Amino acid sequence: MTATPTDLLREATTRLERLAADAEAGALDDAIALMVGALDAGGILHAFGTGHSEAFAMEIAGRAGGLIPTNKFSLRDIVMFGDRDVAVLDGEPPLEREPWVVDELMATVTVQQHDVFLIASNSGVNGSIVGTALWAKEHGHPVIAVTSLEHTARVEPKHPSGKRLSEIADVVIDNLAPFGDATLDVSDGVSAGAISSITAAFIAQLLTLGVARTIAARGETPPMYISANIPGGDEHNSALVDRYRDRIRRGA
């Protein structure tokens, strides 16, 4: 039994190479087309994830090398921008499992006609995740899901609809994580080397690259952030952010 750094590197590299090959073969084209279509129509891209899947949303929205017309929202927004006390974030069951939170959460998000939702969840069954995807579809917005198809197929849905994220989304992207997320056996019954955050971050960058390449191929300048820590970075970013002010949220 081994569980060395090299073993984890192999687990990650194998999956990243497969994702890149799939992307080269066009596996992400439908998702990229939805994203480009939204931007062309004046829409923005909303990114959402709970728990560690929030990392995917952070890779989509508000980072250097990323697309500016993007908005990340999170469960804590019902405290930051809604009426809930902070204690709700430590409640039982965990807030991510609660479907009731969706209406309050979406009341804090500015959504317009042509917006697209990107939702990440390794299990794809929690109430807030499934509820947000259903909310988006009910309001006429396409949904792109990033989830583990192996994991979600082996767990029961927790939303009253009985649905999984993968059963609601217009486009489903497999993050290639195994059931349970961990890739390496450390000892009897104990595993480590969780992989879904690594592959989801790569998927986020593949999607961003695909959108930028598509727009650039038309002879247009993609609306990208540049690092705020290089000369002129703040000025460049501020000018573009102003186009979408009040629709995109950038928190600390």
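Colleague: How many salt bridges does the structure hold?
Modeller: The structure holds 16 salt bridges, a salt bridge being a side-chain nitrogen of Lys or Arg within 4 Å of a carboxyl oxygen of Asp or Glu. This is a predicted model, in which local features need pLDDT of at least 70 and side-chain atom pairs count only at pLDDT 80 or more, while totals for chains, interfaces and linings use all residues. Residues are numbered from 1 along each chain as its sequence is written, and side-chain values use heavy atoms, with hydrogens and water left out.

Colleague: Which residue does Arg18 form a salt bridge with?
Modeller: The partner of Arg18 is Asp22, and their closest N and O atoms are 3.9 Å apart. Both residues lie in helix H1 (residues 5-24), four residues apart, which is about one turn of the helix. Helices (H or I, at least four residues) and strands (E, at least two) are DSSP runs, numbered from the N terminus.

Colleague: Why does Arg18 count as partly exposed?
Modeller: Arg18 counts as partly exposed because its relative accessibility is 49%. Asp22 is also partly exposed, at 32%. Buried means under 20% relative accessible area, exposed means over 50%, and partly exposed lies in between (1.4 Å probe, protein chains only).

Colleague: And what do the side chains of Glu54 and Lys72 meet in?
Modeller: Glu54 and Lys72 meet in a salt bridge, at 3.0 Å from N to O. Glu54 belongs to helix H3 (residues 54-60) and Lys72 to strand S2 (residues 70-73), so this pair ties together parts that are 18 residues apart in sequence. Glu54 is buried, its relative accessible area being 12%.

Colleague: Which residue does Arg247 form a salt bridge with?
Modeller: Arg247 forms one with Asp115, the closest N and O atoms being 3.2 Å apart. This pair links distant parts of the chain, 132 residues apart: Arg247 is in the segment after helix H9 (233-241), and Asp115 is in the loop between helix H5 (101-106) and strand S3 (116-120).

Colleague: Are Arg247 and Asp115 buried or exposed?
Modeller: Arg247 and Asp115 are both buried.

Colleague: Turning to strands, which residues of S5 are on its covered face?
Modeller: In strand S5 (residues 171-174), Val171 and Ile173 form the covered face, whereas Val172 and Asp174 form the uncovered one. In a regular strand the side chains alternate between the two faces of the sheet.

Colleague: How many bridges join S4 to S5?
Modeller: Strand S4 (residues 143-147) runs parallel to S5 and is joined to S5 by four bridges; two strands pair if DSSP finds at least two bridges between them. Asp174 in S5 is the bridge partner of Thr147.

Colleague: How many residues of H6 are buried?
Modeller: Ten of the twelve residues of H6 are buried, and this helix is mostly covered. Among the buried residues are Ile129, Val130, Leu134 and Trp135. Just after H6, Gly140 takes a positive phi of about 85 degrees.

Colleague: What span should the twelve residues of H6 have?
Modeller: Helix H6 (residues 127-138) should span 16 Å at 1.5 Å a residue, and its end C-alpha atoms are 16 Å apart, which agrees. The expected span is 1.5 Å times one less than the number of residues.
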